[in-house]
Amino acid sequence: MADFIDQGILIGVVATGIRLATPYLLAALGEMLSQRSGVFNLGLEGIMLMGAFTGFYVTFISQSPMLGLAAAILVGGLMGLLMAFVSVTLQAEQGISGIGLSMLGWGLSGLFFRLYVDGIQTIAGLKPWKIPFLSEIPLLGLMFFNHNVIVYFAFLMVPIFWFVLFRTTWGLSVRAVGMTPQAVDTLGVSVTRIRYQCLIIGGMMSGLAGATLTVANTHMFADNITAGRGFIAIALVYFGRWSPWGILAGSLLFSMADSFQLWVQVLGINFPYELAVMLPYIVTIIALMVSYGRVWPPAALGKPYERGVRG
Amino acid sequence: MKNIRKVLPLILALILSLILVGCGGDTKPAAPKAEAPKAAATQKLKIALVLPSTIDDMAWAQSMYEAVKKIQSQSKDGIELAISERMGKPVDAGAAIRQYATQGFDIIIAHGAQYQSVVSEIAKEFPKVTFAYGTGFQTGPNIFAYDPQAQEGAYVMGILAAKMSKSKIVGIVGPVEAGDAIKYNKGFQMGVAAAGGDVKTRIAYTGSFNEIVKAGEIAKTHMDAGADFLTGSSQQAVGAIKAVAGKPGIYWLSTDMDQSKVAPDAVLASQVYNWEKVLTKIIDLRKANTLGGQHLTLSFADGMLELKYNPKLEAKIPADVKAVIEKTKKDIAAGTLKIDLKK
């Protein structure tokens, strides 16, 4: 009997951790791409909120979660486009315009929610989809193969982002634009176009990350439902050193620690809850401290590019 | 091209400011409205409400908003009402409170335990303005502290949960161990213990008042660990209620307001605060020149605290359990049963 309970807890911790990691993973992968091209987008929180609202609202009126997710990706892309316009074309200070975008997303999502939805409402949302055969493996099946489709999608994106970034010509251009935009420009590759593409894709990923919270996790929307997740995703990009695998490790470490502390609390293990709530942050900081090696952030990160002017 | 770069930020700024103006809507943020004729202003009572979340959060803030709205609609002389939402950070709230005070508002309600220090600081500078905040008990010459006795309803609902739980495990989704939540959670735990029957209470905190997603995850974890009765306070609770909804045989017990609309098949009963009575008392006291200094409780005894069953699910509560609950309520109201949180 005791054995069974322990197994249940193990499954619970891992399965919850994976579910919690999904929005971080999606948003951080998108942000990594933007930063690799030399633009840091602090507006993630705002994009996620707009994605969360759009995903919720479209599902609410159409009864189709898939349509909701598609709309969230679209709106996320548009928010990314806005960020690209402000930071690449207008060459605005990236930190400031990102924070502006965050506030815009928070304000607009709250306003639309009040205008178009009458208070707290429920949507059908996404249900877990058990992968045939794999979900029947004892222990592992329930941990890894009993989630909603966005979870699988997010983890699939890790090798795909790695492949695109390090094994394709476009990926090479992205990395080069983030390091030495002048050199890329002389070779006839448009710095502006690459940065626009990266920010739009990054926005789409964040929009989907936001929609995960409403369409898959809670089946509702409320003001400021992201509660700072966008900023944690940005921190995870630094933690993961601009690599998809590093971001995967960071998201999982943070979320598993979070899920573990939830179980510690629920099972009534005698431990101050204030410390338990801090655990994911502490674990992440310790992991950053003990991991060594030089960090190579994209050299042109944060610098607008203008042809003929030394950056 | 160069010129366009210079003009575009201006256009963007214009669009953004238009959107922001639109955001104001009918809720009137802190925008000054001092243009109103002075003569009319002296007759109309001016009330400002500062809220940590939004007027449609289906919890703490909405319950107060609805009460103020009702008082406004019933008032003969009329009430001018201004509301600031999303003031989760006491510093932001402080700025709004100060602005309302300088604009000549009569009563400023800062609806949260976290506003205690900003209110006591600002109230000294505006001795003619009445301030009210809660949950709290520290008053000042012009500060009312309102104090829902959350433990009373919680105790009763603890008995309800313990008597009805089949798994003998009940779960609390806590925000932060502070203010209202301490009273509520302790009262609930004491109620469960008092009911006997060896029922376990498990408690987990999100560390925030508005972590809706995390509250939902805690509720799921509680259920995975076997709980079949759940409860919890603050505005994030709606996330937990949504997680409970659609799980047959598992129920939620609400506090702050009647939350059965959020999940009609999961919310079994609610502890409801009757803010109208408290506000009416504050307004009457001010009219009688008492600007503050009173610690106002909301309890079963004064009728400002109520237990509401969800009519759709009321039949599920066995008659003997209901009898125990009604008796406990009466004992608490009569003072023969005291819920001592210090134990």
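Helices and strands are taken here as DSSP runs, with helices of at least four residues and strands of at least two, numbered from the N terminus. The model is predicted. In chain B, the loop between β4 (130-134) and β5 (143-148) contains Thr135(B). The peptide bond that joins Gly134(B) to Thr135(B) is cis, with an omega of about 5°. A backbone feature of another kind is found in chain A, where Gln63(A), a residue other than glycine, has a positive phi, near 65°. Gln63(A) belongs to the loop between α2 (44-62) and α3 (65-89) of chain A. Most residues other than glycine have a negative phi, and most peptide bonds are trans.

Chain A contains twelve helices and two strands. Read from the N terminus, its elements follow the order α-α-α-α-β-α-β-α-α-α-α-α-α-α. The radius of gyration of chain A is 20 Å, close to the 19 Å given by the globule rule for 311 residues, so chain A is as compact as a globular protein of that length. The C-alpha trace of chain A spans about 70 × 50 × 40 Å along its principal axes.

Two helix pairs of chain A were examined. Two packed helices are described by the angle between their axes and the distance between the axes. Helix α7 (residues 169-179) of chain A packs with helix α9 (residues 191-218) of chain A at an angle of about 110°, and their axes are 10 Å apart. Angles of 65 to 115 degrees count as roughly perpendicular, and α7(A) and α9(A) are therefore roughly perpendicular to each other. On the α7(A) side of this contact are Ser173(A), Val174(A) and Val177(A), which meet Val191(A), Ile194(A), Arg195(A) and Cys198(A) in α9(A). The contact of α7(A) with α9(A) has five nonpolar residues, one polar and one charged.

In the second pair, the axes of helix α10 (residues 229-239) of chain A and α11(A) come within 8 Å and cross at roughly 130°. That angle makes α10(A) oblique to α11(A). The crossing of these two helices, α10(A) and α11(A), is right-handed. Leu236(A), Val237(A) and Phe239(A) are the α10(A) residues of the contact, and they meet Gly246(A), Ile247(A), Gly250(A), Ser251(A) and Phe254(A) in α11(A). Five residues of the contact of α10(A) with α11(A) are nonpolar and three are polar, with no charged residue.

In chain B, six strands form an open sheet with mixed pairing, in the order β7-β6-β8-β9-β10-β12. Its edge strands, each pairing on one side only, are β7 (200-205) and β12 (305-309) of chain B. From one strand to the next, the twist averages 20°. Strand β6 (residues 169-174) of chain B runs parallel to β7(B), and six bridges join the two. Within this pair, Gly174(B) is opposite Tyr205(B) in β7(B). A helix of the other chain also packs on the sheet: α11 (residues 244-266) of chain A touches β6 and β7 of chain B, and its direction makes about 150° with that of β7(B). Helix α8 (residues 212-224) of chain B lies across β6, β7 and β8 (229-231) of chain B and runs at about 165° to β6(B).

Elsewhere in chain B, helix α3 (residues 60-74) and helix α10 (residues 275-287) have axes that come within 9 Å and cross at roughly 55°. The helices α3(B) and α10(B) are therefore oblique to each other, and their crossing is right-handed. From α3(B), the residues Ser63(B), Met64(B), Ala67(B), Val68(B), Lys70(B) and Ile71(B) meet Trp275(B), Glu276(B), Leu279(B) and Thr280(B) in α10(B). By class, the contact of α3(B) with α10(B) comprises six nonpolar, two polar and two charged residues.

The contact between the chains takes 35 residues from chain B and 28 residues from chain A. On the side of chain B that touches chain A, at least two residues each come from α1 (2-24), β7, α8 and α9 (237-244) of chain B. Helix α8(B) gives the most to this side, with eight residues. The side of chain B that touches chain A has 13 nonpolar, twelve polar and ten charged residues.

Notes: Residues numbered from 1 in each chain as written. Chains lettered and ligands numbered in written order. Predicted model: local features only at pLDDT ≥ 70, side-chain atom pairs only at ≥ 80, totals over all residues. Pairing = 2+ DSSP bridges. Axes fitted to C-alpha atoms, helices over the stretch in contact; angles between N-to-C directions. Contact = placed C-beta atoms within 7 Å. Parallel < 35°, antiparallel > 145°, perpendicular 65-115°, else oblique. Left-handed = near helix turned anticlockwise from the far one by under 90°. Nonpolar A, V, L, I, M, F, W, Y, C, P; charged D, E, K, R; others polar. Rg over C-alpha atoms; globule rule 2.2 N^0.38 Å.
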